[in-house]
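Biologist: Hi, could you walk me through this structure? I'd like to hear about pockets and salt bridges.

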Amino acid sequence: MSLTNLDLINAVDGFPYDQVDPDLYAASISTYYELRVTDHAYALGFILPSVAEVFRGVAHWDLDDEDRILTLTGGTTAAERSAVVATTLEALRKTGHFKVLDKWRNELYAVYGRNKELLFDVERAASPLFGVVTYGVHLTAYVKKEDGLRIWVPRRAKTKQTYGGMLDNAVAGGIASGEVVFESLVRECAEEASLPEDLVRSTAKSVGCITYFYVRDKSAGGETGLMQPEVEYVYDLELPEDVVPKPGDDEVEEFYLWTVDEVKEHLAKGEFKPNCAAVMIDFFIRHGMLTPENEKDFIEIVARLHRKFEFPTV
């Protein structure tokens, strides 16, 4: 079966839209619990009932079944709240209750309030349990040849904790709490593709961001149905022909240099990690390869790549 570009967007942006199907959206919202922090009366994420139930009676957490709200009550500062979250998650990890915590990374993601203030940090592997917005950097590296562009595409190591063996963007990674976006990119370029720091700093171009609301499936590993709204800061990097990306760690198996048509072929086969497919589609739009003339769902695709969330962002 050949997937369309809209199929690929549907795979990564799977949460219902209020404007498109109000009944489905309302039914979905009514099922979940909101994550909140004391003195911040708004949602920071959506939580499955099966996840919320685990927090019933746990110190520094309050579960309100009537209004369907899970509130972090412990701590009044970001540091204090982060400590409560860390203690709770460490205890949950030891019980083995959530499979997603088996992929513990010892990396912290930031959770922000409406004033863009840091509310608390959360272990990366646990962020889908809370349904909070997470942030990453994705870079497309390409080479200009006389007969058209070639795009560097890595294959993820089969041993990777998530989406093992799938195709990826040239460089991609999560942004740790407190990390500057561009510095995160520079770090990932060295770790994943062995790209020279001076080349990245002088040549990589910030070209926007994409946002989508992913609902995790079995390919993500761990529990399915967990919600993962994400922001990906997107960069382009034109490489000279003599600069060849090489795996810098054990997360990448190999790199391919493919024509645009070859990339589209592998996209249609569903071989790309879902959010990397979205980044590649965004690249095609920005470079005039995907247009209103050759894509009947052009407007919807562009809109779906820039979703506004129900939660605060930085």
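Modeller: Happy to! A word on names before we start: helices (H or I, at least four residues) and strands (E, at least two) are DSSP runs, numbered from the N terminus. This is a predicted model, so local features need pLDDT of at least 70, side-chain atom pairs count only at pLDDT 80 or more, and totals for chains, interfaces and linings use all residues. Residues are numbered from 1 along each chain as its sequence is written, and side-chain values use heavy atoms, with hydrogens and water left out.

Biologist: Thanks! How much space lies in the largest pocket?

Modeller: About 710 Å³. A pocket here is an open set of points on a 1 Å grid over the protein atoms alone, where a 1.4 Å probe fits, with protein on both sides within 12 Å along at least five of seven lines; lining residues have an atom within 4 Å of a point. The volume is the space filled by probe spheres set on the points, which are joined across faces, edges and corners.

Biologist: What lines the second largest pocket?

Modeller: Its lining includes D13, F15, Y17, E300 and R304. Helix α10 gives the largest share, 3 residues, and the space in this second largest pocket is about 240 Å³.

Biologist: Switching to salt bridges: how many are there in the whole structure?

Modeller: The search finds 22, where a salt bridge is a side-chain nitrogen of Lys or Arg within 4 Å of a carboxyl oxygen of Asp or Glu.

Biologist: What does D13 form a salt bridge with?

Modeller: With R304, and the closest N and O atoms are 2.6 Å apart. This pair links distant parts of the chain, 291 residues apart: D13 sits in the loop between α1 (5–12) and α2 (22–31), while R304 belongs to helix α10 (residues 298–304).

Biologist: Are D13 and R304 buried or exposed?

Modeller: Both are buried. Buried means under 20% relative accessible area, exposed over 50%, and partly exposed in between (1.4 Å probe, protein chains only).

Biologist: And how far apart are the closest N and O atoms of D282 and R286?

Modeller: They are 2.9 Å apart. D282 and R286 are 4 residues apart in helix α9 (residues 274–286), about one helical turn. D282 is buried at 6% relative accessible area, whereas R286 is partly exposed at 29%. As for networks, salt bridges that share partners join D13, E300, R304 and R307 into one.

Biologist: Why would residues four places apart point the same way?

Modeller: Because an α-helix has 3.6 residues a turn.

Biologist: Last one: which residues of helix α8 are buried?

Modeller: In α8 (residues 260–268), V260, V263, H266, L267 and A268 are buried. Their cover includes α1, β8, β12 (252–259) and α9, with contact meaning heavy atoms within 4.5 Å. After α8 comes G270, with a positive phi near 75 degrees.
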